[in-house]
Amino acid sequence: VAAAYTGPQFGGFQSGGVIVALFFNDSVIADQYGLLPLQAFGELRNDDWRFAAGLMFDVFSPGIPTVLPFSALGASGNAGNSFRGQMRLERFLHPADDAQWTLQFALSEPITSTIDPTFRVSEDNGWPNVEARAALGLGQIEGVGLAASRPFQIGVSGVAGQLRTGDPLIGRQVVADVWGLGSDVRWKIGDCWGIAGEVFTGETLGTYNAGILQNVNPATLEGIRSSGGWLETFVYWTPCLHSHIGFGIDDPLDRDITVNSGRTYNSTIFSNLLWDVNQVFRIGFEFTYRKTEYNNLRDNEGTGLHTQFQWSF
């Protein structure tokens with residue numbers, strides 16, 4: 001359930017905001033019904049600046065593959081796209097009519113508890129995370145609203161912060177550094193096809209959907225290092241029928257993982273077919289193959305079929 005709203009203008013800035021909620025409980029992996037706020041922010045913006053505050057997606061690694069599950073390859077190569085409270089400043093530079101630089105800076109909440117309840121074992125260390133991104137878009141804007149984009153877009157992003165984790169049994173606390181570097185790209189190569197993808201590396205990125213949702217080693221309480229990414233090819237067979245084929249990989253550093261049952265590798269391969277029947281109705285089908293590897297446990301793999309019937313208005 002989503003709503004976008006606009007308000008009055010203030011000093012050359014248009015006020016507005018977005019509210020999005022899902023029918024999930026406060027922990028996505030619990031698979032229970034409830035009401036989960038996904039986006040809830042207010043903003044002031046014009047052609048050159050944007051100021052926003054509230055619940056928003058991460059500035060770090062904002063790329064997202066076109067898949068049907070809203071988890072969007074989280075913990076399987078798609079870092080970022082968690083939702084946390086933040087204050088954001090954005091600057092838009094226009095060196096030409098068909099080019100735009102976007103500079104983003106945010107102070108964000110270090111812990112998000114909406115993905116995995118185990119994140120609550122850790123806490124912030126007294127200050128927010130710092131996120132930043134610089135992106136270049138080339139070509140004329142295509143589409144409208146949130147779907148608007150330029151034919152070629154490339155960005156570089158980063159995050160820095162700290163998490164404090166305590167062990168009450170031995171009265172020990174460890175402060176783990178949070179850091180990450182990412183790069184994202186989207187390129188519409190021809191009239192009907194193109195590619196999109198993202199890579200990342202960093203440490204203690206579990207709350208950013210990386211490290212296979214693992215922040216720290218439970219034994220040492222030290223941050224877990226991980227790297228990964230995803231790649232997608234999209235093809236528009238007709239203006240209303242399109243396919244997206246790709247894969248994602250999340251690969252934590254094995255020696256950082258607990259020897260008992262930690263997750264050491266996660267991957268997903270996906271292929272879908274989406275039919276935009278008209279401007280408000282979509283039907284979709286998607287096939288996935290997933291594989292997860294563990295320390296001292298049997299590896300797991302499986303296939304899945306997802307369907308989508310979407311009505312937007």
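Helices (H or I, at least four residues) and strands (E, at least two) are DSSP runs, numbered from the N terminus. The model described here is predicted, so local features need pLDDT of at least 70 and side-chain atom pairs count only at pLDDT 80 or more, while totals for chains, interfaces and linings use all residues. Residues are numbered from 1 along each chain as its sequence is written, and side-chain values use heavy atoms, with hydrogens and water left out.

Start at Leu-231, which lies in strand 12, the run of residues 225-238. Leu-231 is partly exposed, because its relative accessible area is 39%; buried means under 20% relative accessible area, exposed over 50%, and partly exposed in between (1.4 Å probe, protein chains only). Which residues does Leu-231 contact, leaving aside its neighbours within four places in sequence? They are Ala-196, Gly-197, Ile-245, Gly-246 and Phe-247, where contact means heavy atoms within 4.5 Å. Gly-197 is 34 residues from Leu-231 along the chain, yet their C-alpha atoms are separated by 4.2 Å.

Asn-78 sits in the loop between strand 4 (49-57) and strand 5 (83-96). Asn-78 counts as buried because its relative accessibility is 1%. Its side chain reaches the backbone oxygen of Ala-72 at 2.7 Å. The side chains of Asn-78 and Asn-81 are joined by a polar contact of 3.3 Å. A polar contact is a pair of N or O atoms within 3.5 Å; within protein, one must be able to donate a hydrogen and the other to accept it, and residues adjacent in sequence count only if both atoms are side-chain atoms. Not counting residues up to four places away in sequence, Asn-78 touches several others, including Gly-63, Leu-73, Glu-198, Tyr-208 and Trp-230.

Leu-36 belongs to strand 3, residues 36-45. Leu-36 is buried, because its relative accessible area is 1%. Its C-alpha atom is separated by 31 Å from that of Glu-142, which is 106 residues away along the chain.

The last stop is strand pairing. Two strands pair if DSSP finds at least two bridges between them. Strand 8 (residues 129-138) pairs with strand 6 (residues 99-108) in the antiparallel sense, over 10 bridges. Within this pairing, Leu-103 has Ala-134 of strand 8 as its bridge partner. Strand 8 also pairs in the antiparallel sense with strand 9 (residues 152-167), over nine bridges. Here the bridge partner of Val-130 is Ala-160, in strand 9.
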